[in-house]
Every structure is written in structure tokens, then in C-alpha cells.
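Here is a short note for a colleague who is opening this structure for the first time. Please read it with the model on screen.

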Amino acid sequence: MITEQFILYNNFKHCDILEGVCRLKGKSLSDEERQDAVNDVVRQLLKMTAQYGFRGNLWHTYIAFLIVNNENPYSLACEVRGEVEGSINIAAQHDFELFIELFDYDKTVLEGNITPELFDIISNFEDFGLESLVFNKHIRDQICNLSKNLKNAATVDEFQKLVSAFYGKYGVGEIGLHKAFRIENAKIVPISNIAQVTLDDIVGYDAAKKKIIDNTEAFVQKRPANNCLLYGAAGTGKSTSIKAIANMYYDKGLRLIEVYKHQFKELFDVIAQIKNRNYRFIIYMDDLSFEEFEIEYKYLKAVIEGGLEKKPENVLIYATSNRRHLVREKFSDKKDRDDDLHSSDTVQEKLSLGARFGMQIYFGVPDKKEFNEIVCTLADKYNIAMSQDELLLEANKWELSHGGLSGRSAQQFIDYLRGNSE
């Protein structure tokens with residue numbers, strides 16, 4: 001079987017489709033077995049298409065997907081340097097010759113085993129607005145375009161140049177082709193759909209947004225940058241700002257990894273997986289704060305600064321919190337410190353975590369005028385048909401019973417109007 005002949009490329013994702021087509025190429029199948037294999041291949045191709053939003057020649061796009069999603073010594077090297085030199089190219093060209101053969105399987109294998117109607121669907125799948133549930137639209141389109149270019153490649157060298165250029169520009173595998181991730185059992189797992197928000201969706205806070213942009217711009221350009229703490233009142237756009245930054249700088253190699261407090265023990269394992277990749281990673285911690293009895297902040301302190309292993313230059317930490325001082329202190333703590341021989345050390349221990357965020361950005365509660373501006377801006381964005389006086393009157397009623405003055409309550413009010421409009 002051709003899959004056993006690959007040297008570098010193996011352990012393919014969705015390899016069941018490839019194995020099913022290779023099985024069809026065999027001559028020992030009964031008519032019933034062949035029909036079952038055909039049905040399974042078509043079913044799996046259409047299922048993958050629905051998941052990834054592919055179009056055009058589904059078999060060619062599937063082969064291109066196998067290539068761009070496979071992490072191996074060659075693809076990882078191209079991710080960093082583009083075209084690579086050395087003996088590894090010989091092994092890569094061996095595999096690319098096999099891929100070229102696979103590209104022709106739509107004519108040499110599939111066309112002779114399925115009905116003309118099914119073959120037409122597979123070879124000319126029309127785009128009817130199907131969106132990818134996994135990739136963003138830009139990456140989905142680039143994979144589809146790559147499949148066309150690879151099919152038209154006249155030589156193995158041309159085929160290789162197309163592949164290495166894709167790796168150098170867009171990356172390889174799950175980390176390269178996805179924007180955001182979460183942690184499961186110390187492993188990085190892609191998040192299928194991150195909110196498509198921009199900083200323009202946050203009305204006001206221009207100074208705060210500029211600080212985030214400047215710091216992130218320095219980071220993606222491989223200049224010195226600081227860990228960021230976005231703190232302030234609830235519903236003011238702190239988390240939205242970080243998601244917007246991930247969208248804004250994805251094409252420049254920025255990736256977002258969401259980590260929860262109970263996972264801080266796994267941070268060193270997470271960083272070990274990403275420190276040698278050709279991307280910039282923001283480890284994102286939402287609503288960060290610690291009660292006095294929680295000790296997870298000690299793991300975070302070690303990761304940010306102070307552990308034996310230096311934090312990699314391609315990793316920053318962005319956190320949001322309603323409190324500037326992340327470890328909670330109470331007036332009753334003073335009584336305890338009266339019995340502490342080194343009370344100043346105890347205070348510094350609790351304050352030192354926040355101090356390790358070199359940039360602290362404040363998001364304050366909007367005043368009435370700023371709140372009204374947010375409401376009017378959102379109403380214009382969503383074409384709310386209501387006079388400004390009536391709009392602001394209803395908005396002010398809403399905020400009194402729905403969390404007060406904040407961008408979040410303004411958005412919830414506009415969502416309410418949109419949901420109840422005829």
C-alpha cells in the first residue's frame with residue numbers, strides 16, 4: 001500500500017479516507033466489498049468537507065490537507081526557514097513523488113469505481129456558503145488554492161517549492177493552522193471558533209487599546225515586550241481586547257493559548273511544547289485572582305520570572321482581572337501579620353505577582369456620557385430604528401437593573417432590542 005512507502009510523512013489525520021481509496025485500488029475486492037468501500041470513501045469525504053468547509057476537487061483538497069497538517073522534521077524545518085537544504089530534501093522529494101501519484105487517484109481509482117453523479121460531486125464540489133468549523137476562512141481558502149497549484153505542478157521540484165512556501169508563510173499542523181487553543185491533560189488542543197471581534201468593537205478606551213497594540217506589535221516583531229495585566233471593572237472589554245488582539249495578529253504568527261487557574265501546574269509542560277515553534281504565543285488567563293488559601297499563584301510566579309528555566313522569548317502572558325492586586329488581602333490579615341516576625345515579607349509575597357506584569361492597563365467604569373456614547377455607537381452598528389432620546393432613555397433604564405454602566409450592559413441592551421425588533 002502506498003501509505004507504507006512514505007518516509008517523512010506518516011500518522012496522517014483522517015487517514016481512513018486515504019486507506020479506503022488505496023483499498024479500492026486493490027484487485028481482490030468482491031463487488032459488495034468494493035461498493036461498501038466506495039460508499040465509505042464518499043461519506044468520509046463529504047463529512048470532512050462539512051467540517052472543514054472545503055470545496056472544488058475534494059480528493060485533491062484532502063491530499064493538500066494531509067500535507068499541510070503533518071508535522072515531521074521537514075515540515076517543521078520549513079516552518080522556521082522556508083526552503084531547507086541538506087539530505088532531508090531527498091527524503092522529502094521521495095514522499096512528494098508519492099503525493100503526486102495520489103493526486104491522480106481521482107482519475108485512476110475513484111472515477112472507475114463510483115457513479116458519474118458521485119464523481120462529479122467529489123471533483124467539482126460547489127461552494128454554497130459552507131463555512132469551516134475548524135479553520136478560519138483565510139486558511140481554508142489557502143488550502144483549497146494549494147490543492148489546485150499542487151495538482152498543476154509540472155515537476156517534483158515545483159511541487160516541493162509550493163509546499164515549503166506554504167509552510168514558511170502559514171505554518172504546519174494544528175499550531176500553525178489554528179488561531180487559539182486550550183489545555184487538556186497538559187496538551188494543546190485547538191479551539192474551533194474564536195469570537196471574531198476587533199478592537200473597534202470596543203468603544204472608547206483608546207489609550208488602553210494603544211498600549212495593548214504597541215506591546216503586542218513589539219512582541220510579534222521579536223522586540224522586547226512585557227507581560228500584560230488588564231484590570232478594572234467587569235464588562236469593560238478586557239477579555240474582548242485580548243481576543244481582538246489574537247484576531248488582529250494571527251497573520252503575523254500570533255497564537256493564543258487559554259489557561260485556567262487549576263492548570264498552572266501544567267504551564268511548564270505547555271511551554272515545552274511551544275518554545276521551539278516559529279510563532280509568538282500569548283498565554284491568556286481570564287478573570288485572574290487568588291484567594292488567600294490558594295497557592296497556584298506561586299506556579300505562575302515561577303513561570304513568569306524566577307524559575308531555573310528562563311521563559312522563552314516567544315511566550316508572553318496576558319491576564320485579565322477585576323483586581324490590580326491579584327492575591328486577595330483582608331483587614332483581618334493585619335491581625336495575623338501582627339504575629340508575623342517578618343510582616344513586610346508577607347506583604348511583598350502577596351504583591352509580587354502583580355508586579356511581575358511589566359504592563360498594567362486599567363479599564364475603568366464608563367461615566368454616563370461615555371455609556372451613552374457606547375449605546376449610540378452600537379445602535380448605529382446594528383441599525384436600531386429608534387430616536388436617540390428614546391434609545392438613551394431605555395438604555396438608562398436597562399443599566400439600572402442589569403449591572404450598571406459598562407460596555408457589557410450596553411451590548412446586552414442592544415442585543416435585547418435586536419431580539420425584540422420586528
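1. The model is predicted, so local features need pLDDT of at least 70, side-chain atom pairs count only at pLDDT 80 or more, and totals for chains, interfaces and linings use all residues. Residues are numbered from 1 along each chain as its sequence is written, and side-chain values use heavy atoms, with hydrogens and water left out.

2. Start with R140 and D141. Their side chains form a salt bridge, 2.7 Å from N to O. Both R140 and D141 are buried. Buried means under 20% relative accessible area, exposed means over 50%, and partly exposed lies in between (1.4 Å probe, protein chains only). R55 joins R140 and D141 in a network of salt bridges.

3. Next, look at D201 and K381. Their side chains meet in a salt bridge at 2.7 Å, N to O. This pair links distant parts of the chain, 180 residues apart. D201 sits in the loop between β2 (187–190) and α11 (206–220), while K381 belongs to helix α17. Helices (H or I, at least four residues) and strands (E, at least two) are DSSP runs, numbered from the N terminus. D201 is partly exposed at 27% relative accessible area. K381 is also partly exposed, at 43%.

4. Which residue forms a salt bridge with K368? The partner is E399, with the closest N and O atoms 3.1 Å apart. E399 lies in helix α18 (residues 388–401) and K368 in helix α17, so the pair ties together parts that are 31 residues apart in sequence. E399 is buried, at 6% relative accessibility. K368 is partly exposed, with 37%.

5. Now the packing of α17. Helix α17 (residues 368–381) packs against helix α19 (residues 407–419) at an angle of about 35°, and their axes are 9 Å apart. Axes are lines fitted to C-alpha atoms, for helices over the stretch in contact, and angles run from 0 to 180 degrees between N-to-C directions.

6. Check the contact itself. From α17, F371, I374, V375, L378 and A379 take part; they meet G407, S409, A410, Q411, F413 and I414 of α19. Contact means heavy atoms within 4.5 Å. The residues of this contact divide into 8 nonpolar, 3 polar and no charged. Here Ala, Val, Leu, Ile, Met, Phe, Trp, Tyr, Cys and Pro count as nonpolar, Asp, Glu, Lys and Arg as charged, and the others, Gly among them, as polar.

Key:
A salt bridge is a side-chain nitrogen of Lys or Arg within 4 Å of a carboxyl oxygen of Asp or Glu.
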